[in-house]
Structure formats: C-alpha cells, structure tokens
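Please look over the sequence and the structure below before reading on.

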Amino acid sequence: MMGWVASFSYAAYTLGAIVCALAAIWIARKGDAERADRTPAIAALALTANWCFAAASFEPGRPIVELTEIARNLAWLFMLFRLFGNDGRDETLRLVRPAVFALAFVEVLQFALLLIARQYAVTPELVTLTFETAALFRVMVAVGALVLLHNLYVGAATSSREILRWSAAALAGLWAFELNFFTLAYITGEVSPEMTALRGLAAAMVAVPFAIGFNKSASGLQFNPSRAVTFRFLSLLIIGGYFALMLGLARWLDMLAGDLARMTQVGLIIAAGALALIWLPSDRLRGWLRVTAIKHLFKHRYDYRNEWIRFTHTIGTTGFENATLQERLVKALADITDSPSGLLLVPSDDGEMELGANWKWPEIDVPAKAAPAALSDVLERNELIIDFDEVRQGIDHHGERELIPDWLREDARAWAAVPLLHFDRLVGLVILSRPLVERELDWEDFDLLTVVGRQLASYLAEQAGQAALLEASRFDEFNRRMAFVMHDIKNLSSQMSLLLRNAEKHADKPEFRKDMLVTLRNSADKLNTLLARLGRYGSPASVEAAQLDLASAAKSVADRLGKVHPVAVLRSEPVTVEADPEALDQALVHLVQNAIDASEANSSVMLEVISDGIAGKVHVIDNGKGMSPQFLRNGLFKPFVSSKSGGFGIGAFEARELIRSMGGRLDVESREDLGTRFTVSLPLKEAAHIIDRSQTAEENEVV
C-alpha cells in the first residue's frame, strides 16, 4: 500500500513541477506585459515548481523540502500583495501592507520551528508540540490569506474583477487546500501520506487557471460548463441517489424476517423496475430535466433589466445617427445578440417580403423580392425564429427550409431571422448578422427575441396607423379644396358657355366671331375635360377600357415631352392592351416627367415597350439621382411626400392608382447615383378576357 502511495506521490509532484514550470514560462512569453504583478507571478510559479521537484526527489519532512515550501509560501504572499496594486490603488496597498507582513512573519517562523525540530526536539512531547505549532502557523497563514483574497475581490471595481477573476480563483483553491491539509494534520497529530501526495496534484491544478488569468483576453473568459455535461451529471446524480436509496432500503429490509421481508423485497423490485421503465425512455421527462437544470443551475445570459433599459433608449431616442424607426428597430434587436448589423424586411402589397431598412450592412445585396409570400405565411402561423445555421445543416421545423431565399442561405453572415408579429399578423422580419463572438442560439435567445419581436411589431403597427391617419387627414383637406376648385371651374365653364351663345347671336364681324368661337370652344372643352378627370378620381368605376396600342401611347408621350427634354423610345413592339386612353396617357406623363426632373439636362429618358405574353410593359428609364430603399418604401407612393423642391408628392401615387384602376401594376427599381426604372404592366387583350372570366366564375361560386 505504501509503495503505491509513494509512486503516486512521485508522479503527482513531478507533474506539479512540470505544469508550474510551463505556466511560468508561458506567462513570461505570452502573458500581459503591462501587468505589475507579472514578475511576482513568474517567481511564485518557479518556486512552486522548485518545491514540487524537491518533494519528488526527497522524502517528506527533509529540510530541503521544508525550506523550498517556505520560499514558495512567501512568494505567493508577495503575489497576493501585488494583486492589490493592479489598478493603482496606493491607499489600499498602504492598508494591506501590515497584514501581509504579519502573515509573512508567521511563515518565516517556520525556519525557527524547523531548527527546533532538528536540534532540540529530543522527546516525543517536544516533537508533537513542534509539529502542532508548525501546522497551526500554516493554518493561520491560510486563513489570513483567504481573508485578504476575499477583501481584494469584493472591494475591487468591476473592471478589476474581470482581471482578477482567474488569479483569485487559483489562489483561493491553493489556500483552501492548504487550510484543509494542515487542519487535518493538526487534529490527527500526523500528516496523511495520501493527502501529502495530493499536494503536488493540487499545485498543478492551481497553476493552469493562474496562468490563464495573465492572458490579455482573460477578462472575457468565463467558466461555463457544458450544459450537456451538466445534464448527464445530474442524471447520474439522480441515478446514484436512486441506487443509494435502494441500497438503504435493502439494508433496512435485512432487519425484517419471514414472509414480510420477502413480500416487501418483491414489491420494491417491481416498483423500482416500473419507475426505471417509465422514466428512462421518456423524452419529455428528460427534456424537462434538461431545461430545468439549465434555467436554475446556470446564470442567465441576459441581464433583463439592462436589456430593457437599452431597448427603451434605442427605440425612444429619435436623434441618434438620424436613424429612422425601422433602423432603430433593427438596432434594438441586434444589440441584444451583439450582432454588428441587420436588415428589416417588410411585406409588400402582394405579400412578398422587400427591404424596409438596412442597419450597418451596406455590402449585402438584397433583391427587390427578398423573400416569398409563402415564407411569411409559415412565420406568421408558427412565430418561428429561423436559425440559418440549422437551415444550412438541413434541419427543417415547419417547412421553412425550402422557402429560404438563396441570398440568405449562401451568405454565411446571415445568422437569425426574427419575425415581428402584431395580433398574429406579420408586419416585418429582422435579419441579424452573425455576432463577432460566434455562439449558438438557445432557449433564452428564442424567449427574449420572441417577446422583443412582438413589442417591435406594435411600434411598426402604431407608426403605420399614424401614417394612415395623417394621409386620411391630408386627403380630407385635399378633397375640401378640390370641391371649391371644381365649383369655381364649373361656374367659369357656365359663364364661358353663356358668352359663347351670346357671341353667336350678337357678334357683327364674322371673322372676329369665328376666332372667338374657336377660342371659347377650346377653353370650354379643356375645362370640361379637367372636370371629368377630377370627378373620375372619386368614382373609378366610371372608367371605360378600350383596346389600344401600348407602343403608340408611349410614342405619343415621348413626342410630346421630347420637345423640352431628350426622350427616346429604344425598343417598341406592337402590344394591344385594354386600358383607358386618358388614364394611361396621364400616368405615362407623370412617370416620364418625374424621370425628366431627376435627370441632367443632357441625359436622355428612355422608353421601352415589350410583351411577356401575359402583359404589355412600358419601361421608363433614367440615369438620374436615384432613390434610397427607405424612400422607395416609405415616401415614393405616399401622397404629399416629395423629394423635389416644390413638388406636390402626388404624381407617382396618382400614376400607380390610375394603372391599378385599369387592372395593371406599377413596379419600380432604383439605385442611388445610378438611376431609376419604372415598369408599367397592363394585361394583354387576350389575358384580360381570361382574367375577367375567372373573376366572374369566382363571384358565381361565392353566390
């Protein structure tokens, strides 16, 4: 038995010497050179390695072993003293210095005790007294060092604690072991060979975290045990407790006798087997144990109070970086997960997702149709937070994997997508980039992001409601003004008509009468046309569609506006559509005029007329200033919002409404400093009949 202990002691102390020496070398070469306690740390580890070497080479109790141990302890006390000065607190050093000197003095007394034990302890009583005094002194030093270490860490500032964390933990482990070792020695009156052998192993275990603490990035390191390992440990603990209970019951049953004992043993075996069969295969119970262990045994990643304060500040501060509400929404979510950038996708009129805001992610290329409408439906039904790493691994929860667009799947920076739901309706989707320190999403991320996503959705919905109210109020004011305008124009038309009739009856000069009649007739026709157009806005159902050539309509507008600015028809195909000629002409005039206003004087506006077999299309292209994604989303089709000085802000909106009233659609693509392309799409003659028949059939089915 003693041979085994001696071999283990030799191996443990040898390991301690090697690890301490390597730790000293590592700090000397890789440690933070700016720390004032770097040299004392190297010296303490080197003297500890020297002590382990002596303990491995000589028998316990030899003078050389005792002397190297005293030197080691004095070095660690000086190391503790230097830790108090890491943040330059000279006043603290002045207060701590007497306590450290007192502990060092007690340790130096070991020299005298060593001399007494060798020269003057001639009786067993004196040997025992010297041994107990030496053990008691070591207990006093360990207790004093632990008290100083506690005061050091508790009184340190937050930034200093991050630096001290690993060093303080290592020193606490060192002196806690020493305290227990010498307390047992004092109580039993002898040193346990097994405990003596463990001292070398303890020195090796202390050296590792102590060396880690001198890394420049040590302030960001934390001891986070694996949750899977923790779950397995708890499972083993429960199983061990279960078997311990069974063993205790078995021992208790030994006290019984006869049939009662046998019956009780059989019942116990049946109950134990049933419990094992029920609990071990149950995914639900094991999952519950896992989540419960993680929630209650681990510190939460988030400080929810601080997160809420920062979230409120980000949303409520309207002036930082001139960011819009949409950009602040992305920032609020990105701050939670430490993501450096993010995007906001919002549903368009047809349900597809499009870019709503870009926060610090300028290099990403987001297509006009960022995500399909089917993905919006999946997110809306399941309130699913998408982990793109799982998508890339082939994991699919609710069929969302096939709906993820390629530009997100292929970009490794895309990390998570958080849906923003308001009353179970998707109002936005935030794409978060990968944090600088990579990690996996867990239950705490999902819980917090879900709650914050719902809160952000309410802000978006509130903004949309306020915008709708403002738009309605502006339209109300506009309609009131138009009512007066229409009334005045109608009176003027009546007066001019009356003048025309009087002139026909009383004019004496035929030539003058002829010119006057032509002029008045043209004016009356123009006024009546304007009245018809103004009245049509209130009753779009009165618009009558006719068959017309889209190429001819585009060429007519180009010829008319080409007199004031270069307008060229680059491509023209004969395309027959069903549309209202006046409404189409007015919509094209709006779009071409906007393109002219955005272009330089010598820069041509280009028109293209094509057909894709279903719809006829007119492209209005310019090389002007272009528009930002935010303006495309929030300003282009908003009435009374204009990027032009003195503009009314209703041209693009009116053009879109006119085209919609004819069963078509208006799309726009724009890049800042590159230009803009508007696309007018109207159904072809044949397609229009098919659409009408399908709509009629659907209405009949409903009836």
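A polar contact is a pair of N or O atoms within 3.5 Å, where, within protein, one atom must be able to donate a hydrogen and the other to accept it, and where residues adjacent in sequence count only if both atoms are side-chain atoms. This is a predicted model, in which local features need pLDDT of at least 70 and side-chain atom pairs count only at pLDDT 80 or more, while totals for chains, interfaces and linings use all residues. Residues are numbered from 1 along each chain as its sequence is written, and side-chain values use heavy atoms, with hydrogens and water left out.

**H565 and its surroundings**
- H565 sits in the loop that runs between α18 (550-561) and β7 (567-572); helices (H or I, at least four residues) and strands (E, at least two) are DSSP runs, numbered from the N terminus.
- A polar atom of the H565 side chain lies 2.6 Å from the backbone oxygen of S603.
- With a relative accessibility of 7%, H565 counts as buried, a word that means under 20% relative accessible area, whereas exposed means over 50% and partly exposed in between (1.4 Å probe, protein chains only).
- Neighbours within four places in sequence aside, H565 is in contact (heavy atoms within 4.5 Å) with I596, S599, E600, A601, S603 and V605.

**Helix α19**
- The buried residues of α19 include A583, L588, L591 and I596.
- The 18 residues of α19 (residues 581-598) should span 26 Å at 1.5 Å a residue, and the end C-alpha atoms are 26 Å apart, which agrees; the expected span is 1.5 Å times one less than the number of residues.

**Nonpolar cores**
- A nonpolar core is a set of buried Ala, Val, Leu, Ile, Met, Phe, Trp, Tyr and Cys residues joined through side-chain atoms within 4.5 Å.
- The largest such core has 52 residues, and those with the most contacts inside it are L45, W76, L80, L171, W175 and F210.
- Among the helices that each supply at least two residues of this core are α1 (2-30) and α7 (193-212), while α2 gives the most, with nine residues.
- Leaving aside neighbours within four places in sequence, W76 is in contact with A44, L45, T48, L171, L174, W175 and F210.
- Apart from this core lies another, of 37 residues, among them A583, L636, A655 and L684.

**Cysteines**
- The structure holds zero disulfides, a disulfide being a pair of cysteine sulfur atoms within 2.5 Å.
- C20 is in no disulfide, and the nearest cysteine sulfur, that of C52, is 5.0 Å away.
- C20 is buried, with a relative accessible area of 0%, and C52 counts as buried at 0% relative accessibility.
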